[in-house]
Amino acid sequence: MNYAAVIIGGGLVGAATAYYLTRAGCDVALIEQGQINNGASGQNAGSLHFQMEHRLIEHGDALAELAATIMPLSLDAIERWGAIETELDQGDLDIVMHGGLMLAETAEHQQKLERKRRLEERWKLPTRLVDESELRAMAPYLSGAVTAASFCPVEGHGNARLVTTALIRAALATGKFTLRTQCVVRETRRQGQSWLVRCREVEGGEEEFSADTVLNAAGAWAADVAALADLHLPVFPVALTMNATEAAPRFIGHLIQHVGRRLSMKQLHEGNVLLGGGWSARMVRKGMYFERNARPEFKLESIRGNISVALDIVPALQGLHLLRSWTGMVGITSDSLPIVGEVPQAPGYFVAAGGSAFTLGLTYGAMVAQLMTRRETDLDISLFSPARFGPLNMFMGR
Amino acid sequence: MMPAHKIAFRFDGQPVVAMEGESIAAALLRHGIVGFRIAVDGESLRGPYCGMGICFDCRVQVSGPNRPRLMVRSCITPVAEGMDVRSVPYPELNNV
């Protein structure tokens with residue numbers, strides 16, 4: 001049998017692509033080395049954040065301008081997240097879009113907010129500045145040190161544990177979807193007009209899939225998976241820390257981010273408060289290589305730092321126990337932008353990685369499915385094509 | 001077989017007798033104590049759910065002759081002589 005696509009990676013991006021492709025009538029196989037959501041999709045804190053992040057506006061105007069080019073994808077993602085629960089019709093998927101606040105404390109922070117807002121306005125992202133008195137009324141739980149914010153009414157959070165599995169179920173229901181978990185890809189190569197993907201089940205035999213196209217949706221492992229196809233892909237694994245408090249009565253009604261400090265915060269339906277915002281963990285190293293398959297180690301200073309910023313911003317957290325902390329690994333690109341599209345040096349080999357791959361995950365999947373089925377996309381995503389790393393692959397391939 | 005050594009501890013002031021090697025949760029459940037703390041709704045009781053250290057629902061506060069007050073998962077924490085085990089208080093949110 002020849003598949004339309006073999007997808008490598010069973011996170012949100014792989015599952016979304018499988019969903020859109022099978023819905024379009026394509027036969028698809030998905031290969032996942034562990035279980036669905038084992039990587040960043042199951043480890044991240046699930047923010048649906050559309051405002052430009054702290055890390056994107058931190059490194060000068062030129063990079064901020066470049067980072068702003070993802071906003072058409074954000075606008076598409078807002079539509080998809082708003083509709084996916086109804087579309088999948090599998091009950092409550094814990095998707096909340098009740099609005100998000102990006103906070104400022106100092107005059108410098110406020111200038112950053114204003115700069116950010118100008119960029120967002122140009123790209124028509126729905127955000128507006130909120131002054132101190134309006135902020136007090138909107139979010140009485142914030143510390144008096146917070147002096148302004150920008151508000152995006154459609155931000156919130158999603159739960160990949162539910163969304164990814166719902167997408168997988170929807171793909172399976174078409175009867176056109178083959179799923180392999182605990183299955184490691186060993187070889188990816190051209191064979192005539194097709195791609196051949198050979199994999200090995202952890203407790204089982206080898207299997208070969210023949211397909212018109214391959215999608216590398218392997219997240220933090222994307223560079224390693226690309227190497228199997230003799231390609232370079234500048235996606236780097238980065239280790240982060242997340243924290244969760246015990247459940248409390250509902251009192252935080254927004255996604256909270258900070259324009260000048262590392263913070264993301266949200267309260268889940270069950271009442272637990274999730275804290276993150278880019279606090280690092282330590283990747284395990286084996287000799288001169290980072291060990292991709294080991295859980296990153298905690299840095300106590302990251303847990304302390306995250307909690308300390310959170311307490312500055314929401315003093316009432318003082319009354320809550322920290323329930324658990326965990327680390328995870330995410331794949332980021334050298335220029336912070338997504339890599340979505342076909343590798344020009346390897347026709348039929350597609351990549352969807354990097355960027356805000358949780359928030360934009362449904363959009364990446366939809367774009368790849370459109371490229372595979374009709375060679376063009378509704379949105380102009382040429383800026384995110386792997387073609388920009390062409391020089392790396394001029395000498396690669398077999 | 002040697003009979004299990006008995007250990008005395010307290011839960012919210014009430015004396016409980018446990019077997020050596022038993023977890024705090026097992027000892028409480030054996031005494032018919034199933035609600036370890038007040039749930040977030042402010043009314044219902046919560047106790048052990050997964051029983052294997054994952055869900056944190058069985059958490060209690062523990063201090064003892066030689067240990068400071070700490071929150072632990074009672075399902076994976078063995079009892080010790082003279083332990084003072086207390087319900088985790090209902091979270092207090094000030095100024096919100």
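Tutor: Let's start with a term: a polar contact is a pair of N or O atoms within 3.5 Å, and within protein one of them must be able to donate a hydrogen and the other to accept it. Keep in mind that this is a predicted model.

Student: Thanks! With which side chain does the side chain of B:Asp84 make a polar contact?

Tutor: The partner is the side chain of B:Arg69, at 3.5 Å. B:Asp84 itself sits in strand S7 of chain B, which covers residues 84-87.

Student: Is B:Asp84 buried or exposed?

Tutor: Buried means under 20% relative accessible area. B:Asp84 has 18%, so this residue counts as buried. Setting aside residues up to four places away in sequence, B:Asp84 touches B:Arg10, B:Gln61, B:Val62, B:Ser63 and B:Arg69.

Student: Now the two chains. How many residues of chain B are in contact with chain A?

Tutor: On the chain B side there are 15, and they meet 15 residues of chain A. About 1200 Å² is buried between the chains, with carbon and sulfur atoms giving 68% of that area.

Student: Which residues form a salt bridge between the chains?

Tutor: Look for B:Arg59 and A:Glu246, whose closest N and O atoms are 3.3 Å apart. By class, the side of chain B that touches chain A has ten nonpolar, three polar and two charged residues. Two residue pairs in polar contact are also counted between the chains, with both residues at pLDDT 80 or more.

Student: How many aromatic pairs are there over all chains?

Tutor: The count comes to six. In one of them, the rings of A:Tyr19 and A:Tyr20 have centres 5.0 Å apart and planes at 55°, so the pair is tilted. Both A:Tyr19 and A:Tyr20 are buried. A:Trp195 and A:Tyr349 make another tilted pair, 5.5 Å from centre to centre with 55° between the planes.

Student: Why does the pair of A:Trp195 and A:Tyr349 tie together parts that are 154 residues apart in sequence?

Tutor: Because A:Trp195 lies in strand S10 (residues 194-201) and A:Tyr349 in strand S20 (residues 349-353) of chain A. A:Trp195 and A:Tyr349 are buried too.

Technical notes: Residues numbered from 1 in each chain as written. Chains lettered and ligands numbered in written order. Predicted model: local features only at pLDDT ≥ 70, side-chain atom pairs only at ≥ 80, totals over all residues. Heavy atoms only, no water. Contact = heavy atoms within 4.5 Å. Buried area = accessible area lost by both parts, 1.4 Å probe. Salt bridge = Lys/Arg side-chain N within 4 Å of Asp/Glu carboxyl O. Nonpolar A, V, L, I, M, F, W, Y, C, P; charged D, E, K, R; others polar. Phe/Tyr/Trp six-rings, centres within 6.5 Å; stacked < 30°, edge-to-face > 60°. Buried < 20%, exposed > 50% of the residue type's maximum accessible area, 1.4 Å probe, protein only. Helix = DSSP H or I, 4+ residues; strand = E, 2+ residues; numbered from the N terminus.
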